[in-house]
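This briefing concerns a predicted model.

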Amino acid sequence: MRCERQPGGKLHNTDGGCPAAIDGLNDGINSGNNGGRFCWAVSGTFCSGEVQGDYAKKIQGCMDCGFFWLVVDEEDDFTLSANSLCDTNRKGKIASNGKTLASSVTSSDQ
């Protein structure tokens, strides 16, 4: 997002680091470094001038973000949720950490 809150960025020391820029658990998701191309699933990112909440609270706002849709368009195996929650992106593909809908959904009978 060019917010300059990544380590070494102009605002990192004064405004604090962006959690997505240092989130090593999500490194490589959507072809990104750390959580940088998976920011919608990282709590506490700074978007639209304010700190955002967790995935459930911020995902609707993220879907209005041009960067979100840029990543959707660029990735063949798009990952929407850190918890492998299934959803469909606007291309109609299943977005679930590479799992198919059938393998990601379980019923109480299984």
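How many aromatic pairs does a search of the whole structure find? The search finds 3. One of them joins F38 and W40, whose ring centres lie 5.9 Å apart with planes at 75°, so this pair is edge-to-face.

**Aromatic cluster**
- The rings of W40 and F68 also form an edge-to-face pair, because their planes stand at 75°, with centres 4.8 Å apart.
- This pair ties together parts that are 28 residues apart in sequence, because W40 lies in the loop between α2 and β1 whereas F68 belongs to helix α4.
- One aromatic cluster is formed by F38, W40, F68 and W69.
- F38 is buried, at 0% relative accessible area; W40 is buried at 1%, and F68 is buried at 2%.

**Nonpolar core**
- The largest nonpolar core comprises 18 residues, and W40, Y55, I59, F68, F78 and L80 have the most contacts inside it.
- Two or more residues of this core come from each of α3 (55-62) and α4 (66-74), and α4 gives the most, with 5 residues.
- Leaving aside residues up to four places away in sequence, F68 touches W40, I59, C62, M63, F78 and L80.

**Largest pocket**
- The volume of the largest pocket is about 580 Å³.
- This pocket is lined by 25 residues, of which M1, C3, C39, F46 and C47 are the closest to its centre.
- Elements giving two or more residues to the lining are α2 (19-22), β1 (46-47), α3 and α4; α3 gives the most, with 3 residues.
- By type, the lining residues divide into 14 nonpolar, 6 polar and 5 charged.

Notes: Residues numbered from 1 in each chain as written. Predicted model: local features only at pLDDT ≥ 70, side-chain atom pairs only at ≥ 80, totals over all residues. Heavy atoms only, no water. Core = buried A, V, L, I, M, F, W, Y, C linked by side-chain atoms within 4.5 Å. Buried < 20%, exposed > 50% of the residue type's maximum accessible area, 1.4 Å probe, protein only. Helix = DSSP H or I, 4+ residues; strand = E, 2+ residues; numbered from the N terminus. Contact = heavy atoms within 4.5 Å. 1 Å grid on protein atoms, 1.4 Å probe; cavity = no way out; pocket = protein on both sides within 12 Å on 5 of 7 lines; lining within 4 Å. Points joined across faces, edges and corners; volume = space filled by probe spheres on them. Nonpolar A, V, L, I, M, F, W, Y, C, P; charged D, E, K, R; others polar. Phe/Tyr/Trp six-rings, centres within 6.5 Å; stacked < 30°, edge-to-face > 60°.
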